[in-house]
Amino acid sequence: MATLRVNPAGIELDLLEGETLLDGAERMGYSWPTICGGVGMCTLCWVEVEEGAENLSEMSPLEANALSIGRGRDGEIEPGVRLGCQVTAHGRVVVHKRGVNEASRAGVYR
Ligand code: FES
């Protein structure tokens, strides 16, 4: 069982095995900032990991490439930053991500 807390909103979610942070939030009725729809291109879904980095999946080449181009400085990936549409969890994880809202309150990004 993986659990996700999204700060600063304090949203608590249970994630299914193999489910990305973005997919889990959407399944539970929350919107998550995205332009590309979760295919690893826009980097708008990025999160800052506050706790539980050891419980996250390894960074794929696609995620690393997107982060280094889309959010990187001189090609370096910011420490603790992951893409919510690419990363999965296998334990407790706490992230900081603004813009995660109940879907009925969304409308800016999706
Ligand atoms: S939603 Fe676009 S890169 Fe994750």
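**Exercises on salt bridges, strands and buried residues**

Arg92 has a relative accessibility of 37% and counts as partly exposed, because this class lies between buried (under 20% relative accessible area) and exposed (over 50%), computed with a 1.4 Å probe on protein chains only. The model is predicted, so local features need pLDDT of at least 70 and side-chain atom pairs count only at pLDDT 80 or more, while totals for chains, interfaces and linings use all residues. Residues are numbered from 1 along each chain as its sequence is written, and side-chain values use heavy atoms, leaving out hydrogens and water.

**Exercise 1**

Determine which residues are linked with Arg92 in a network of salt bridges.

*Solution.* 

Step 1. A salt bridge requires a side-chain nitrogen of Lys or Arg within 4 Å of a carboxyl oxygen of Asp or Glu.

Step 2. The whole structure contains four salt bridges. In one of them Arg5 is joined to Glu12, with the closest N and O atoms 2.8 Å apart.

Step 3. Glu12 also meets Arg92 in a salt bridge, with an N to O distance of 2.8 Å. Since Glu12 belongs to strand E2 (residues 11-15) and Arg92 to strand E6 (residues 92-96), this pair ties together parts that are 80 residues apart in sequence. The names of such elements come from DSSP runs numbered from the N terminus: helices are H or I runs of at least four residues, and strands are E runs of at least two.

Step 4. The network therefore consists of Arg5, Glu12 and Arg92. Arg5 is partly exposed at 28% relative accessibility, and Glu12 is partly exposed at 42%.

**Exercise 2**

State whether Arg82 is buried or exposed, and name the residue whose side chain meets Arg82 in a salt bridge.

*Solution.* 

Step 1. The partner of Arg82 is Glu63, at 2.8 Å from N to O. Arg82 lies in strand E5 (residues 81-83) and Glu63 in helix H2 (residues 61-70), so that distant parts of the chain, 19 residues apart, are linked.

Step 2. Arg82 has a relative accessible area of 10% and is buried. Glu63 is likewise buried, at 1% relative accessibility.

Step 3. The buried residues of H2 are Glu63, Ala66, Leu67 and Ser68. These residues pack against E5, where contact means heavy atoms within 4.5 Å.

**Exercise 3**

*Solution.* 

Step 1. Two strands pair if DSSP finds at least two bridges between them. Strands of a sheet pair through backbone hydrogen bonds, either parallel or antiparallel.

Step 2. Strand E1 (residues 2-7) is joined to E2 by five bridges, and the two run antiparallel. Here Leu4 stands opposite Leu13. E1 and E2 form a hairpin with three residues between them, and Gly10 in the turn has a positive phi of about 75°.

Step 3. E1 is also joined to E6 by five bridges, but these two strands run parallel. Asn7 has His96 in E6 as its bridge partner.

Step 4. E4 and E6 pair in the antiparallel sense over three bridges. In this pairing Val49 stands opposite Val95 in E6.

**Exercise 4**

Describe where Thr43 lies and which residues Thr43 touches.

*Solution.* 

Step 1. Thr43 is found in the loop between strand E3 (30-31) and E4. At 7% relative accessibility, Thr43 counts as buried.

Step 2. Not counting residues up to four places away in sequence, Thr43 touches Ala66, Leu67, Gly70, Arg71 and Leu83. Among them, Ala66 and Leu67 are buried residues of H2.

**Exercise 5**

Locate Asn55 and list the residues that Asn55 touches.

*Solution.* 

Step 1. Asn55 lies in the loop between strand E4 (46-51) and H2. With 18% relative accessibility, Asn55 counts as buried.

Step 2. Leaving aside residues up to four places away in sequence, Asn55 touches Thr88, Ala89, His90, Gly91, Arg92 and Val93. One of these, Arg92, is also a member of the salt-bridge network.
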